Amino acid sequence: MSEEKKLEKKIMQKIKNGHIKLRSKYVFFAEKLGLNGALALTIILAILFFNLFLFYFKTAGHLVYLSFGKDGILAFLETFPYLLVIVFLLFLLLASYLSRKNENFYKKSFSHLVLALIILVIFLGSFLTYLGIDKRIERELYSSRPTGRVLKPFFNRCLGDCQKGMAGLVSEVYQDYLIIKTPRGLQKVIFKLKMPCFEKIEVGNFIIATGEKKGNDFFAYRIKLIDKREIPLIEQGIHQRFLFEKEKISLPPEFPCEINHTCPINSLENISK
Amino acid sequence: MQINELTDEKLVKKIREENIDFYGLIIERYQQKLSHYLRKFTNDPDEREDILQIVFIKVYRNLHSFNIKKKFSSWIYRVAHNQGIDFLKKHAHQEISLESVEYKVIDENIDLSRDFDKSILEEKIRTAFNEIKLKYREPLVLFFFEEKSYEEISDILRIPQNTVGTLISRGKKEIKNILEQKLIR
């Protein structure tokens, strides 16, 4: 018997004896379903994380820091949602890898596949933002539900209260400093202004400032009034933080202040004098 | 229609749904082809037979995963290819062997700038083939020695067709460079 026939006989004998069996078609069906399901889930998560990234930029007001110049860049970098971006990129990479494993996509060029994925994720992520999914995320974020607990680590990174930047609701105004409410609590903001502030700061205003945190105090180099609609995430955080606390807002003792170039109140008028 | 006249894909359908005995025909059809292909992974006939046996067993066990709308030959070559790569990983210093007809194929396709002594050229071609990266060697072997089309190579190696063309062209260039360096020395 030839060598070729021997091998054929050996294998066929194992098959007929039942030593080698056909794997069930349902196993392959489940495998295929699992792979396609994982791919779909990864793409959905990438879209969701891109949406969260857009939501963060839109609602946490960190882009405003860039209008402060050099100091603002440091604050912007400090508040940049790195974790969100890293998780988004990881899901995008995983989706690219899984699509290569898919028998419908391996013939396509890898760069084209990644480009198509990026376009799909950006388009659908932006579409979700347009649909107003933000409001739901905002509600979930400050809820005690499991989704809120999952989302928090991605957003809580110095929300409104950082080493180089500060944002919050003015609670008390003094000649040389302010007390503001942030999602983390009350914060003393001491004026060390490099540029005079041209706006009148009053209790109930929302402010955004760049500077430096030393100990418990924040030394503000630049300060701006900001519309609360530009920072809804911080506004909501403050609302949640102080919901059950009795608001204690005292009027500033020396209001309006005397001529003082470091004073934020009516500074423009003071300078013109 | 006689069972022998059935296409591979129809035969697979029959094995899956009617009679497992027909699997012997698949072995008959592919044993020699795959054995030839596996020579590019090992020179040892016993090792080759072991790999071949594993390939046919894997193919049989996973027959339900084959999509009969696709080409069976590409699928079985892919299983053999993966098994060959596994073997190479375990035996890192395997040298591939080439047949005289294959030397001719390479000689015709690599446009060397000078004529060289045939026996020297054959030896150099063999060593050059062993020296090029595996990612170039795989499509070159399938294209020149197994006479597979770009589409089939794309299915076997699971890479886009454009990439197959690029790898073959770069592989040829690399072999040419190695040969010219070796032959000038």
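These exercises concern the cores and contact surfaces of a predicted model. Residues are numbered from 1 along each chain as its sequence is written, and chains are lettered from A in the order in which they are written. Local features need pLDDT of at least 70 and side-chain atom pairs count only at pLDDT 80 or more, while totals for chains, interfaces and linings use all residues.

**Exercise 1.** Describe the largest nonpolar core.

*Solution.* Start with the term: a nonpolar core is a set of buried Ala, Val, Leu, Ile, Met, Phe, Trp, Tyr and Cys residues joined through C-beta atoms within 7 Å. Buried means that 20 or more other C-beta atoms lie within 10 Å of the residue's own, with C-beta atoms placed from the backbone. The largest such core has 45 residues, and Ala46(A) and Ile207(A) have the most contacts inside it. Helix α2 (residues 25-59) of chain A gives the most to this core, eight residues; helices are DSSP runs (H or I, at least four residues), numbered from the N terminus.

**Exercise 2.** Which residues are in contact with Ala46(A), leaving aside its neighbours within four places in sequence?

*Solution.* Contact requires C-beta atoms, placed from the backbone, within 7 Å. On that basis the partners of Ala46(A) are Phe88(A), Phe91(A), Leu92(A), Ala95(A) and Val121(A).

**Exercise 3.** How many residues of chain B are in contact with chain A, and which helix supplies the largest share?

*Solution.* First, 23 residues of chain B are in contact with 16 residues of chain A. Next, α2 (23-38), α3 (45-61) and α9 (161-184) of chain B each supply at least two residues of the chain B side. Of these, α3(B) provides the largest share, seven residues.

Terms used: Buried ≥ 20, exposed ≤ 12 C-beta atoms within 10 Å, placed from the backbone. Contact = placed C-beta atoms within 7 Å.
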